[in-house]
Amino acid sequence: MNLATPGTLTVCADVPFPPFAFEKNGEYTGFDMELTKEIAKGIGLKQQVKDIGFEGLQSGAALNAGTCDIGAAAMTITDEREKNLDFSDPYYDSLQSLLVPKNAKFKLEDAKGKTIAAKQGTTGEAYAQKHAPKSAEIKSFPSNSELYPALESGAVDAVMMDLPSNIANQGTKFTISEKYDTGEQYGMPVKTGNKKLLKAVNKQLKELKDDGTYDKLYDKYFSE
């Protein structure tokens, strides 16, 4: 098995991205972080997490350069990404959503002249660019660290993002005005051609689902 560091599963993530990846008490945690930790343990490896930008991960640059062995960043499997990466079996079904201020609730079709924030390189960005009114501005941000504060400050009017992330960030001032069933599924990307690792990851995903570990983690982070 070809690994960046022998005996270690090096996981690239884009932090913060709650509930999938975030820091708590000086450690990385979240659904993706706990799931990859269980996968590493099942393969007989230690887990190491590296925080990198989403663009470098989804483009394939970080994995194909050997920065890490696997990505865990709530990444949707797409034909475009599969040109540069190999993906694990799907492990999460997701929706897109629009997060807006509660006192100015509107839907995407009503967003004429408004500024919609999206994360650079994401399927949410692509969805907004395709479906928003022509007069709406789609403003892209490199990470959640800039995305949600822009909505908080009023610099943008809405955030288009995967539903779990918008739920985690809605607080008391914002609300999800629309959900979009885009048929998206998340996968864990690995370097193109690393078949042994991909096979091992898929085997562990199946075992974690079969023994109930996956369901326990899912309920922990997504039960409402």
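Which ring does the charged end of lysine 209 sit over? The ring of tyrosine 214, with 5.3 Å to its centre. Keep in mind that this is a predicted model.

**Aromatic pairs and the cluster**
- The count of aromatic pairs comes to 18.
- Take phenylalanine 31 and tyrosine 221: their ring centres are 6.5 Å apart and their planes meet at 70 degrees, so this pair is edge-to-face.
- That pair links distant parts of the chain, with phenylalanine 31 in helix H1 (residues 31–43) and tyrosine 221 in helix H8 (residues 213–222), 190 residues apart.
- Phenylalanine 31 and tyrosine 221 are both buried.
- The two also belong to one aromatic cluster, whose members include Phe17, Phe20, Tyr91, Tyr92, Tyr186, Tyr218 and Phe222.

**Another lysine over a ring**
- Lysine 114 lies over the face of phenylalanine 106, at 4.8 Å from the ring centre.

**Helix H4 and its cover**
- In helix H4 (residues 123–131), the buried residues are Thr123, Gly124, Glu125, Tyr127 and Ala128.
- Strands E7 (92–101), E8 (115–119), E9 (137–141), E10 (158–162) and E11 (174–186) are among what covers these buried residues.

**Serine 143**
- You'll find serine 143 in the loop between E9 and helix H5 (144–153).
- Serine 143 has 13% relative accessibility, so it counts as buried.
- Leaving out residues up to four places away in sequence, serine 143 touches Asp14 and Lys119.

Notes
Residues are numbered from 1 along each chain as its sequence is written. This is a predicted model: local features need pLDDT of at least 70, side-chain atom pairs count only at pLDDT 80 or more; totals for chains, interfaces and linings use all residues. Side-chain values use heavy atoms; hydrogens and water are left out. Rings of Phe, Tyr and Trp (its six-membered ring) pair if their centres lie within 6.5 Å; planes under 30 degrees apart count as stacked, over 60 as edge-to-face and the rest as tilted. Helices (H or I, at least four residues) and strands (E, at least two) are DSSP runs, numbered from the N terminus. Buried means under 20% relative accessible area, exposed over 50%, partly exposed in between (1.4 Å probe, protein chains only). A charge sits over a ring if NZ of Lys or CZ of Arg is within 6 Å of the ring centre and within 35 degrees of the ring normal. Contact means heavy atoms within 4.5 Å.
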